[in-house]
Amino acid sequence: MRGFGSDNHATVHPELLAAINEANINHAPSYGTDDWTESANKKIKSIFGTEWQPFFVFNGTAANVLSLGSHLESFHSIACADVSHLNVDECGAPEKIAGVKLISLKSHLGKISVDTIEEARIRLGDQHFSQLKMVSITQPTELGTVYSLEELRAIASYCQKQGLLLHLDGTRFFNACINLDCEAPDIARFFDVISLGGTKNGFMMGEAVLVKNPERAKVFKFFRKQYLQLPSKTRFISCQFARYFTNELYLKIASHSCSMAKLLEQRVHEIPFMEILYPVESNAVFARFPKKFLKKMREKYFFYVWDENDFSVRLMTSWDTTEHDIKGFYNQAVELTREAPL
Ligand SMILES: Cc1ncc(COP(=O)(O)O)c(C=O)c1O
């Protein structure tokens, strides 16, 4: 079955699978002391800048929770978008595991702004109130939109002025680079800590946390262990990062996912019963979809209903989406309107 359910539904990119296979020879030292990890570290530093220290972990939720927990005290709070993965899709893990309070901010097109952060920066020094210490944004956002560099600069300079740390949920980081036509440091420079995604970008599994502050980087390994995220066979995650950052595979993957989303957007525009909801700037197309066609459409091309109240749906592309998938989706929709006119 193919479809637009999630980039998590996609297969593993053959080059990344080959990297795992190639790392699967002989014995190698464990816990990140292997050659693949050293190579991945070097490559990440050469792309993001030598000020960043990478740490490999199993999944995206853990990358986010560790980013928070390793930089904050238990009396701190963190501001993030109401629609952020951190806020709505991590089952309270930031609160339970990192032990910090999340402040959910009203967002527009998935983004927060200086004004909304300012509203949350209250009761500083009040011992009865969690103290705001960090802001987290997702780039690209959960709605498939992208903060412009100007928007990032405004938030970063506000945070710096107010002594707030800035975290990036960069699960699909390079999709944003493709959209903004920029290099990794153009985005990374605004942040203190980054969750850098692998799984949604063709990996079998594996993410990295990039830490900027050298003092935090020194102790991060202890937090990672305490948070149960030190992979004993780290090489099978790091070898994927090493390959991802070879011959610009990371850009090819991001560019393909984004261009397939653009193509899907064009076709969805032509389907009379669908209405695009948000600008398509990453690998997600959000659209309104009539309930009566849902079952039939999903039989062949699976996708998720995002909001059951208004029947908005999310169609996601990935590194392995083909033009054929998109054409098939479109043809099926056209067929349905013929069978049951609007
Ligand atoms: C924006 C964002 N952040 C974090 C995650 C968490 O990743 P994981 O499912 O690997 O925990 C996801 C997963 O879909 C995501 O979309």
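In the predicted model, strands β12 (residues 304–307) and β13 run antiparallel and are joined by 3 bridges. Tyr304 has Arg314 of β13 as its bridge partner. The hairpin of β12 and β13 has 4 residues between the strands. Phe311 of this hairpin takes a positive phi near 55°.

Strand β13 (312–316) is also one of the elements packed against the buried residues of helix α12. Helix α12 spans residues 249–270, 22 residues in total. From first to last C-alpha it reaches 32 Å, close to the 32 Å expected at 1.5 Å a residue. Its buried residues are Tyr250, Ile253, Ala254, Ser257, Cys258, Met260, Ala261, Leu264, Glu265 and Val268. These residues lie on the same side of α12, because they cover an arc of only 155° around the axis. An α-helix has 3.6 residues a turn, so residues three or four places apart point the same way.

Several backbone features fall in loops. Most residues other than glycine have a negative phi, and most peptide bonds are trans. The bond between Gln139 and Pro140 is cis, with omega at about -10°. Pro140 is placed in the loop between β5 (131–138) and α7 (149–162).

Cys91 is not a glycine, yet has a positive phi of about 50°. The residue lies in the loop between α4 (85–88) and α5 (93–98). Cys91 counts as exposed because 9 other C-beta atoms lie within 10 Å, and the cut-off for exposure is 12 or fewer.

Leu109, likewise a residue other than glycine, has a positive phi near 55°. The loop between β4 (101–105) and α6 (114–120) contains Leu109. With 16 C-beta neighbours inside 10 Å, Leu109 is partly exposed.

Conventions:
Residues are numbered from 1 along each chain as its sequence is written. This is a predicted model: local features need pLDDT of at least 70, side-chain atom pairs count only at pLDDT 80 or more; totals for chains, interfaces and linings use all residues. Helices (H or I, at least four residues) and strands (E, at least two) are DSSP runs, numbered from the N terminus. The expected span of a helix is 1.5 Å times one less than its number of residues. A residue is buried if 20 or more other C-beta atoms lie within 10 Å of its own, exposed if 12 or fewer, and partly exposed in between; C-beta atoms are placed from the backbone. The arc is that of the directions from the helix axis to the C-beta atoms. Two residues are in contact if their C-beta atoms, placed from the backbone, lie within 7 Å. Two strands pair if DSSP finds at least two bridges between them.
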